Amino acid sequence: MGRLLVLLLAAVFLLAAGSPAAAQETHDEAAAVPARLTLEDALRLARARNPAYRKVLNDLDVLAAEERVGWGALLPSLTTDLRLSGSSSRIATGQDDFGQPRTLPDPIDFTSSSSTQGVFLRLYLFDGFANLNDLRAARAASRAAEARARAGAARLGADVSRRFYAALHARGLIELEERLLVSARDRLAATERLVRVVAATAV
């Protein structure tokens, strides 16, 4: 009986998952399912593994990031720049008093270096309200995603709860049928004993 209940409740979870791939669990995932499933366990597993619900949550994270990008576009941007350069050269030839090239006894080395630093602050004073409109659109999309997430959680909870209680109702019917079967077997055994008694008499 306990095994039958676990199978029924596992069927509830698989139907609520909404995808055949959810049924192909690894050994570790199967071990995470408790032997006796409660409604809270079924809801937790459905929220963690239902593909449609997980997609809604993923969209919510993406749109929240886009909203933060929209806010960032309204803020001034600060950039820094640092550049270093250096060079060295050696002159080994020169000219004499008559303009003829000659080799210098001691080569002359030249070394130079330079560096530049800069800090830049950029702020859009007016861009035709493009950044503001982008922010409003991102906020609206984020709010819509939050509403879809709440609606998805409500639908998922209602569906899992309905299937869970349907499984409990089926378990109750099975237990009743098992009790009726035991009673029928007892009546059959009593009838067989009466038949043997009757067969043993002359009547």
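**Helix packing and a nonpolar core**

Let me start with helix α4, which passes α5 in a left-handed crossing; a crossing is left-handed if the near helix is turned anticlockwise from the far one by less than a right angle, and right-handed if clockwise. Please note that this is a predicted model, in which local features need pLDDT of at least 70 and side-chain atom pairs count only at pLDDT 80 or more, while totals for chains, interfaces and linings use all residues. Residues are numbered from 1 along each chain as its sequence is written, and side-chain values use heavy atoms, with hydrogens and water left out.

How are two packed helices described? The angle between their axes and the distance between the axes are used. Helix α4 covers residues 51-74 and helix α5 residues 130-200; they pack at an angle of about 160 degrees, with their axes 8 Å apart. (Axes are lines fitted to C-alpha atoms, for helices over the stretch in contact, and angles run from 0 to 180 degrees between N-to-C directions.) α4 is therefore roughly antiparallel to α5, as angles over 145 degrees count as roughly antiparallel, under 35 as roughly parallel, 65 to 115 as roughly perpendicular and the rest as oblique. The contact of α4 with α5 has 17 nonpolar, four polar and six charged residues. Here Ala, Val, Leu, Ile, Met, Phe, Trp, Tyr, Cys and Pro count as nonpolar, Asp, Glu, Lys and Arg as charged, and the others, Gly among them, as polar.

Now to α3 and α5, which pack at an angle of about 135 degrees, with their axes 10 Å apart. That angle makes α3 oblique to α5, and α3 passes α5 in a right-handed crossing.

In overall layout, the protein has five helices and two strands, and from the N terminus its elements run α-α-α-α-β-β-α. Helices (H or I, at least four residues) and strands (E, at least two) are DSSP runs, numbered from the N terminus. Of the 203 residues, 17% count as buried, where buried means under 20% relative accessible area, exposed over 50% and partly exposed in between, with a 1.4 Å probe and protein chains only.

Which residues make up the largest nonpolar core? The 10 residues are L37, L39, A42, L43, L45, A46, Y53, L156, V160 and F164. The elements giving two or more residues to this core are α3 (39-49) and α5, and α3 gives the most, with five. A nonpolar core is a set of buried Ala, Val, Leu, Ile, Met, Phe, Trp, Tyr and Cys residues joined through side-chain atoms within 4.5 Å.

Is N50 buried or exposed? N50, in the loop between α3 and α4, counts as buried because its relative accessibility is 7%. A polar atom of the N50 side chain lies 3.2 Å from the backbone nitrogen of A52 and 2.9 Å from that of Y53. The C-alpha atoms of N50 and L156 are separated by 8.6 Å, although the two residues are 106 apart along the chain.

E67, in helix α4, is buried because its relative accessible area is 10%. The side chains of E67 and S142 are joined by a polar contact of 3.2 Å, that is, a pair of N or O atoms within 3.5 Å; within protein, one must be able to donate a hydrogen and the other to accept it, and residues adjacent in sequence count only if both atoms are side-chain atoms.
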